[in-house]
Amino acid sequence: MGFKEESLSTPKSKDIWKKWQENQCQPNFRQDVLPDPSQSCGPYSPAAFIKSGTKTIAQSDNERHPLGIQEQNHDTIGMIAIDEQGHIAAGTSTNGASHKIPGRVGDSPIAGSGAYADSTIGGAAATGDGDVLMRFLPSFRAVLNMGRGMAPEIAAAEAIKNIALFYPDFSGAVVAADRNGNHGAACHGFAKFQYSVYAAGFSDVLVQDVNCQKRQGPGKDDSYP
């Protein structure tokens, strides 16, 4: 495409990487490998389980390292656009997870997870803990919900609720807009979430605040619509 090939590393990023190595490569997202990834930088080999004294370390699908995702650092940029003819497009861009395992693919490029659009219904985009979000295709689910008659904010909330049933400690949000330009969002794990709206006739960008919901425990999800 004409771009010059060059290193994207900066003195700051190199310093962060050096300190990470000096700290035994922590945080470390590898699972079921030897040597123990909580104490070593590897190189690693696959292991069915790891013995550490009397403790067996074999993380289940639901046991995950805390990522520290907050309302200030969920860096995915999601957009939903509707043109004059009613065509709808959605897309995302992200830095990915810090200290990620080489080869990791997050939720952003997965259709239906990072974003999804159907010009007969609407579009949606998601941000937050991508390793959890990609398992549920929340953007696709939100659009499907709107197709079933739900308002955008209710459609997004149902998609978030479905994730929280399995991962009550995850952090994330879904923004949705229908083909008529109605919009809304829902979030989980943040104190609040903001998204921006702009359309013809607006004098400025409209910033919307959304209060996030949190599951209280198994069977206690009354805070969701």
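Arg 104 is partly exposed, with 23% relative accessible area (buried is under 20%, exposed over 50%, partly exposed in between, with a 1.4 Å probe and protein chains only). The model is predicted, so local features need pLDDT of at least 70 and side-chain atom pairs pLDDT 80 or more, while totals for chains, interfaces and linings use all residues. Residues are numbered from 1 along each chain as its sequence is written, and side-chain values use heavy atoms, without hydrogens and water.

The side chain of Arg 104 forms a salt bridge with that of Asp 131 (3.2 Å, N to O). Asp 131 lies in helix H2 (residues 130-133) and Arg 104 in the loop between S6 and strand S7 (115-118), so the pair ties together parts 27 residues apart in sequence. Helices (H or I, at least four residues) and strands (E, at least two) are DSSP runs, numbered from the N terminus.

A salt bridge here is a side-chain nitrogen of Lys or Arg within 4 Å of a carboxyl oxygen of Asp or Glu, and the count by this rule is three. Another pairs Asp 15 with Lys 19 (3.3 Å, N to O); these residues are four apart in helix H1 (residues 11-22), which means a separation of about one helical turn. Arg 141 and Glu 158 also meet in a salt bridge (2.7 Å, N to O). This pair links helix H3 (residues 138-147), which holds Arg 141, to helix H4 (residues 152-164), which holds Glu 158.

Strands S5 (residues 77-82) and S6 (residues 88-93) run antiparallel and are joined by six bridges; strands pair if DSSP finds at least two bridges between them. Ile 77 has Ser 93 in S6 as its bridge partner. The two strands form a hairpin with five residues between them, and Gly 86 in the turn has a positive phi of about 90°.
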